[in-house]
Amino acid sequence: MGSSVPRRRFLQAAAAAVWVPTSVKGFTPDDLDPMTQDDVLQADVSKWELDTPALLVDLDAMESNLARMQSVVSSNGIASRPHAKTHKCPQVARLQIQSGSVGICTAKVSEAEVMLEHGIENVLMTTSNVTPFKIERAMGLRRWHSGFVQATDTPENARDLSDAAVAAGVTADVVVDVDPGGRRTGITPGRPALELAQLVDTLPGLRLAGMLCYDGGSQHVAGFAARRTQTLERLAPAVETCESMRRAGLNTEIFSGGGTGTYNIDHENAGLTDIQVGSYVFMDAQYLAIGGESDDEVYSDFQPSLTILTTVLNSQYEGRATTDAGAKSCTINRPWPIVKGETGMSYTSGSDEFGSLRYEDPSRIYRTGDKLELIVSHCDPVVNLYDRMYAVRGDRVEAIWRIAARGMSA
Ligand SMILES: Cc1ncc(COP(=O)(O)O)c(C=O)c1O
């Protein structure tokens with residue numbers, strides 16, 4: 001996805017100089033936990049002193065992403081409902097709500113449980129629950145949390161949800177999931193979606209809250225104009241569906257969709273109320289490569305805030321170095337992670353425990369014990385590999401956040 005040239009240009013323009021000392025103490029979360037109060041670290045610890053591999057989030061970059069998203073959606077007259085599948089971390093969800101988001105989304109009922117338990121009140125689960133076990137859990141959530149909304153995409157499932165809601169003594173809020181053409185999830189727009197909405201509206205255990213339509217297939221289309229054309233075309237049938245629901249007197253208070261790649265396009269879909277943006281908070285190499293409205297080569301609307309700190313294990317072969325962050329720390333998503341602050345290097349995380357660095361034109365020679373930071377390839381699966389993330393400002397570790405929904409894949 002994309003060549004290394006634009007990524008290099010991005011790094012030249014945006015990356016700060018990287019200080020890479022030789023290895024020091026190597027603090028682990030267990031060392032630091034006793035020094036934290038309400039997740040905030042009370043000691044003066046540099047990120048370079050952490051044991052590796054470690055997941056870092058740069059607070060200045062993340063806060064700038066939150067602020068930018070909020071300013072764009074509010075000037076476009078819509079809201080953000082960020083997808084917590086990206087960060088799986090209640091602290092990040094809380095910052096999103098504080099920045100103005102109307103709630104969050106989750107992909108799994110287990111993620112929803114974690115977020116609701118941690119006090120995040122408005123949770124839209126974007127995947128349907130289809131098995132009795134998960135439906136029961138979802139109804140259990142609805143019993144205690146009035147802000148929990150779930151998706152459905154078939155009449156059979158809507159009836160199952162209604163039966164379970166009645167059995168649990170609750171009325172469950174439901175949105176109809178409409179397919180933008182990817183045929184992954186969602187019901188066909190038009191009459192099938194309208195009829196499903198009408199059914200939900202009449203079933204005794206359910207309350208129709210609106211609809212959703214997530215166009216995942218357009219998010220990474222390279223080039224702003226091509227992305228805009230594609231997503232508006234693909235959303236048009238859902239926009240018509242929403243309008244026919246409204247004309248039929250059905251509730252359309254939620255029409256959720258969109259993502260990081262289309263965040264500044266989605267408001268052009270009439271009736272859309274909010275965008276389910278996920279990656280914008282962290283960014284990654286996949287998104288950097290797609291280009292933005294004002295910059296054809298690099299998607300620089302948001303700053304890469306999520307990095308993996310890694311240590312050089314072997315530097316004895318010319319032009320190469322081996323680090324301690326391989327597939328189990330970085331995943332094997334492509335494009336490969338980007339070495340932050342370096343333009344003449346390529347990084348491969350293909351083998352399980354080792355990352356391979358090739359030097360083309362380094363600003364410095366990396367020696368055994370040196371540390372460096374990697375901009376992640378694809379933020380969502382990388383986060384799911386770690387129990388904590390270190391929240392850093394400049395070089396200082398400010399807080400340690402538990403990735404509480406890590407591994408919540410069911
Ligand atoms: C249903 C749904 N909504 C929203 C998102 C967020 O997308 P992005 O990370 O591109 O903003 C995703 C990501 O896969 C998704 O599956």
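Two residues are in contact if their C-beta atoms, placed from the backbone, lie within 7 Å. Met35 touches Leu41, Gln42 and Ala43, leaving out residues up to four places away in sequence. Met35 sits in the loop between helix 2 (29-32) and strand 1 (36-37). Helices (H or I, at least four residues) and strands (E, at least two) are DSSP runs, numbered from the N terminus. Met35 has 15 C-beta neighbours inside 10 Å and so counts as partly exposed.

A word on the model comes next. Residues are numbered from 1 along each chain as its sequence is written. The model is predicted: local features need pLDDT of at least 70, side-chain atom pairs count only at pLDDT 80 or more, and totals for chains, interfaces and linings use all residues.

Now step back to the whole chain. It is divided into domain 1 (4-59 + 299-402) and domain 2 (122-277). These bounds come from an automatic or database domain assignment. Taken over C-alpha atoms, the centres of domain 1 and domain 2 are 37 Å apart.

Eight strands form an open sheet in the order 4-11-10-9-8-7-6-5, and their pairing is parallel. Its edge strands are strand 4 (79-80) and strand 5 (104-106), each of which pairs on one side only. Two strands pair if DSSP finds at least two bridges between them.

Start at strand 5. Three bridges join strand 5 to strand 6, and the two run parallel. Here Ile104 stands opposite Val123 in strand 6. Strand 6 (residues 123-128) then pairs with strand 7 (residues 148-152), again in the parallel sense, over four bridges. Met125 faces Gln150 of strand 7. How enclosed is strand 6 by the rest of the structure? Strand 6 is largely enclosed, because five of its six residues are buried.

The largest one here has 112 residues, and Val175, Met211 and Tyr390 touch the most other members. Strand 9 (residues 206-213) gives this core its largest share, six residues. Domain 1 and domain 2 both contribute residues to the core, so it lies between them. In soluble globular proteins, nonpolar side chains tend to be buried together.

A hairpin is next. Six residues connect strand 15 to strand 16 in this hairpin. Strand 15 (residues 345-348) and strand 16 (residues 355-359) run antiparallel, joined by four bridges. Tyr347 has Leu357 of strand 16 as its bridge partner.

Now for some backbone exceptions. Most residues other than glycine have a negative phi, and most peptide bonds are trans. A cis peptide bond joins Thr52 and Pro53, with omega about 0°. Pro53 belongs to the loop between strand 2 (40-41) and strand 3 (54-58). The bond from Arg334 to Pro335 is also cis, with omega near -5°. Pro335 is found in the loop between helix 11 (327-330) and strand 14 (338-339). Thr331 lies in the loop between helix 11 and strand 14 too. Thr331 has a positive phi, near 70°. With 19 C-beta neighbours inside 10 Å, Thr331 counts as partly exposed.

Met283 has a positive phi as well, about 60°, although it is not a glycine. Its loop runs between strand 11 (274-275) and helix 10 (285-288). Met283 counts as buried because it has 24 C-beta neighbours inside 10 Å.

Finish at the ligand. A residue is near a molecule if its C-beta atom, placed from the backbone, lies within 6 Å of it. Of the 14 residues around the ligand, Gly259, Thr260, Gln276, Gly278 and Ser279 come nearest. Which classes make up the shell? The shell has three nonpolar residues, 11 polar ones and no charged ones. Here Ala, Val, Leu, Ile, Met, Phe, Trp, Tyr, Cys and Pro count as nonpolar, Asp, Glu, Lys and Arg as charged, and the others, Gly among them, as polar.

Definitions and conventions: Buried ≥ 20, exposed ≤ 12 C-beta atoms within 10 Å, placed from the backbone. Core = buried A, V, L, I, M, F, W, Y, C linked by C-beta atoms within 7 Å.
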